[in-house]
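Please keep the sequence and the coordinates in view while reading.

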Amino acid sequence: MTVPVRDALSAFGADLARNFAAASTVPAQAEDQLKAPVKALLEEIAEGVVARTEASSDEPGVRPDLGVSVGGALTGHVELKAPGKGADATKFKDEHDRAQFKRLAGHPNLLYTDGNDWALYRKGARVGNVVRASGDVTTQGAAAYTDGDCAALDLVLRDFLGWEPIVPRSPKALAELLAPLTRLLREGVEVALASPDSALAHLAREWRDVFFPDADDAQFADAYAQTVMYALLLARVEGAAKLEREAADRLDEKHGLLAQVLRVLAQPQARKEVKAPAELLERTIEAVDPAALQTGEGEKDVWLYFYEDFLAAYDPKLRKQSGVYYTPAEVVQAQVKLVAELLRERFDRDLGPIPVGRERVERYGLF
């Protein structure tokens, strides 16, 4: 923190008190009066902080109000509530607020505030206590915050601005980390699809025309989220550092079809409608060190069972429907040998066991 919270609150409190004093003559949504003051507060208290206003929407859960980056890297989001609603999401009475919090339950770093109350949430759980101003900042300005209030708020804001993605050390840990973020993306797509004129709705219609004519909105949202997550992860494994700019180009060499699919799904207008969850997914995957995931694995393919772990965390019901369960390698080898033996002895087909390397390609055209 480069500026003490008490000093930063001076302008914050003055702005809010002035805004709400004018509310009787210039009616406006109460939470909208918080955007500029909260943005200015966050940008003043620490170097390298940029808070940007996200596009608004009447649909709950499309995206929070402010996106916050530190040093050019996305750090988290801020959700603003009208003063008096508080920041304890477990006590929201409004159905819109409850639905939004449920949709954002997988968010790894989300700050709620109504100007007086502040609370930090990670993956649906509150981190620490709700910090409450002793007075009402909309009428008292910065004087609403005591020295004790400022000290407590300082800790919350430090924690929020200091967030870094947890770098996983195993494919299973990575699967459990990416699953809730992929759900956030899926839910964002579903909300966008509710508007027939949205870019994602147009994209969904094209997707059905070309690939899956019977797919409903939920199936498209799921396919979109999972495909984007896997494409980004594969691009990171292939060496991409900045996924928004590099992912598709990095995939071109070995995974050309997936590269083109990613370009289609991530077209600019569609991406804008799910910007918050897409950026969170990218920031998290960018922190992955593919080499570290190989540590201690020897010759084993660490990605071999990744999808089973991912689907178990992402959507257990879908995993059961799809039948995605681990089959021991020994069982698979025995099955292959049995089929090869039947082909040779019963059908007089010399197809097994299938060779590897150059002989595999020359005999069967297989890769």
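Leaving aside neighbours within four places in sequence, leucine 200 is in contact with Val189, Ala192, Leu193, Phe220, Tyr224, Ala270, Glu273 and Val274, where contact means heavy atoms within 4.5 Å. Leu200 is also one of the residues that touch the most other members of the largest nonpolar core, together with Leu178, Val189 and Tyr224. That core has 58 residues; a nonpolar core is a set of buried Ala, Val, Leu, Ile, Met, Phe, Trp, Tyr and Cys residues joined through side-chain atoms within 4.5 Å. A second, separate core of 32 residues includes Val38, Leu111, Ala133 and Leu161. In soluble globular proteins, nonpolar side chains tend to be buried together.

The model is predicted: local features need pLDDT of at least 70 and side-chain atom pairs count only at pLDDT 80 or more, while totals for chains, interfaces and linings use all residues. Residues are numbered from 1 along each chain as its sequence is written, and side-chain values use heavy atoms, with hydrogens and water left out.

The protein chain as a whole has 17 helices and six strands; these are DSSP runs numbered from the N terminus, helices being H or I with at least four residues and strands being E with at least two. Of its 367 residues, 44% are buried, that is, under 20% relative accessible area, whereas exposed means over 50% and partly exposed lies in between (1.4 Å probe, protein chains only). The accessible surface comes to about 19000 Å², and carbon and sulfur atoms hold 52% of this area; areas come from the Shrake-Rupley method with a 1.4 Å probe, and for residues only the protein chains shown count as cover. Among contacts with a separation of 6 or more, 60% are between residues 24 or more positions apart.

Glutamine 226, in helix H8 (residues 217-237), counts as buried because its relative accessibility is 10%. Beyond residues up to four places away in sequence, glutamine 226 touches Thr182, Tyr307, Phe310, Leu311, Tyr314 and Leu318. Leucine 155 lies in helix H5 (residues 147-161) and, with 58% relative accessibility, counts as exposed.

Attention now turns to the strands. Strand E1 (residues 49-53) runs antiparallel to E2, and five bridges join them; two strands pair if DSSP finds at least two bridges between them. Threonine 53 has leucine 66 as its bridge partner in E2. Strand E2 (residues 66-70) is mostly covered, with four of its five residues buried. On to strand E3 (residues 73-80), E2 is again joined by five bridges in an antiparallel arrangement, and valine 70 stands opposite alanine 73. The hairpin of E2 and E3 has two residues between the strands, and glycine 71 there takes a positive phi near 60°.

Glycine 71 is also a contact of glycine 48, as are Ser69 and Val70, when neighbours within four places in sequence are left aside. Glycine 48 is found in the loop between helix H2 (32-45) and E1, and is partly exposed, with a relative accessible area of 40%. Its C-alpha atom is separated by 7.5 Å from that of glycine 72, 24 residues apart along the chain.

Glycine 72 is in turn among the residues nearest the centre of the second largest pocket, along with Leu74, Glu244, Glu282 and Glu286. This pocket has a volume of about 310 Å³ and is lined by 14 residues. E3, helix H9 (243-252) and helix H12 (275-286) each supply at least two lining residues, and H12 gives the most, with four. On a 1 Å grid over the protein atoms alone, a pocket is an open set of points with protein on both sides within 12 Å along at least five of seven lines, a cavity is a set where a 1.4 Å probe fits but cannot get out, and lining residues have an atom within 4 Å of a point. Grid points are joined across faces, edges and corners, and a volume is the space filled by probe spheres set on the points.

Lysine 123 lies in the loop between strand E5 (117-122) and strand E6 (125-132) and is partly exposed, with a relative accessible area of 43%. Lysine 123 has a positive phi of about 55° although it is not a glycine. Most residues other than glycine have a negative phi.
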